[in-house]
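Here are my notes on this one. Have a look at it yourself before reading on.

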Amino acid sequence: MASAALLEIRDVSCELGGRTVLRGVSLSVAEGETVVLLGRSGSGKTTLLKTVNALVATSGGEIRFEGKSASEWDAIQLRRRMGYVIQDAGLFPHWTVERNVGLVPRLAGWPEERIRARVEELLGMVGLAPADFRARYPRQLSGGQRQRVGIARALAADPPLLLLDEPFAALDPITRYDLQRQFLELRRSVRKAALFVTHDVREALMMGSRIALLAEGRIDTLTTPEEFVKVESNEARAFRAALETK
Amino acid sequence: MIGEILSLSLEHLELVVITLAVAAMVAIPAAVWLARRPGPRRYAMGFANIAQTIPSLALFGFLLPLPLIGGIGKQTAIVALCLYALLPILRNTLVGILGVDAGVRESAVAMGMTPRQILIEVELPLAMPSIVAGLRIATVATIGTATIAAAIGGGGLGVFIFRGISMVDTRTVLAGAVPAALMALVADEALEWMERRLSRA
């Protein structure tokens, strides 16, 4: 498993503004697998995600991606091999949907026609009719539609790994459920590996091939959703209690 | 009289256009540089703020004896006017760049855009309405302040105003003041229109 992993996080620590946010986290993500990073606010889950695409610098440990250490990667090239989706999509407000989705292919120097075709294909994949949506600006979209565009943008250059930071947290429950289901389907068809940050245990159980429960900058529990319901750590129990009272 | 109003208006316009071109060429790149450097930013804003508080007539007076930039004439006037025009352009450009949504900037970095691409394709276009607003404030202020340039031989519509004051002739004062006010109104409207267009895009 260790050698086949797409992404390997080895004993990674991180300090931000004098505060230790990550304390020796190790985790690997195999191809096609979704690892959910579950935790409370301040548990370090988002920071861990951001160390992977070098948005946040580590202060110890090593991250390997596609068999190469992060230090050997050019940060710009590394990021273009990873799709990135955040809570409110982070779309560029001055660009049309088409330009937003086509960004990474354009940066990679694809020819115009190929980008157009790819954008069309992606919009179809995320359930947005290209003819209706291509020319719209982000402000002309609903929250759910923006998130779909965000996912299309992340998939654009066909990166092997997706990084998602609470991508559905800001959506209403019905839209959220809809997008969660579609994302699962999509991931099955395109077979991407994903690191998926959430604080919602229900979402974690639904989306994860495995769940990494973080607490105070450490991995408290790393297990499958089936096993997660039996884990006896305090933190896991706390999250399950939250599930039951819903 | 009409002919002189026209020629002095043109001269006035020339002072304003040169001033704004120079001020924008200094202030916008400076703001871009300062946007990523909070330390020097404090000093630069402090300097620009202080320059703003010097009474304009006094500033013209201070510049007169200086070598190279000083002396009687347009050049000294333009230097002084630039010092005033710098602050609004600098501040608004900074506000525009720093005001870009954190999620948008983070996405730009995460998509693998280089700092240069982020600046040119994301930050500057999103800051544009704010930059234009700064240019508008600077333009209107410069049109007014430029009337004082006549005091040090800079020409422009201030020539009428100073002549009118010394002759105690209100009509001559108005011959300078009214065209200057009109010029300011037109510039204000035009740039505000541009600003609105840019914010909609």
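The points below cover a sheet, an interface and a helix pair.

1. Housekeeping: this is a predicted model, where local features need pLDDT of at least 70 and side-chain atom pairs count only at pLDDT 80 or more, while totals for chains, interfaces and linings use all residues. Residues are numbered from 1 along each chain as its sequence is written, with chains lettered from A and ligands numbered from 1 in the order in which they are written.

2. Chain A has an open, antiparallel sheet of four strands, ordered β2-β1-β4-β5. Strands here are DSSP runs of E, at least two residues, and helices are runs of H or I, at least four, numbered from the N terminus; strands pair if DSSP finds at least two bridges between them. β2 (19–29) and β5 (68–69) of chain A are the edges; each has a single partner strand, so one side of each lacks a neighbour in the sheet.

3. β4 (residues 60–65) and β5 of chain A pair over two bridges, and A:F65 sits opposite A:K68.

4. On to the interface: 16 residues of chain A meet 14 of chain B, contact being C-beta atoms, placed from the backbone, within 7 Å. On chain B's side, α5 (102–110) and α6 (115–145) of chain B each give two or more residues, and α5(B) gives the most, six.

5. Within chain B, α1 (residues 2–35) and α6(B) pack at about 145°, axes 11 Å apart. Axes are lines fitted to C-alpha atoms over the stretch in contact, with angles from 0 to 180 degrees between N-to-C directions. Residues meeting there include B:V16 and B:L20 from α1(B), and B:L135 and B:I143 from α6(B).

Definitions and conventions. Contact = placed C-beta atoms within 7 Å.
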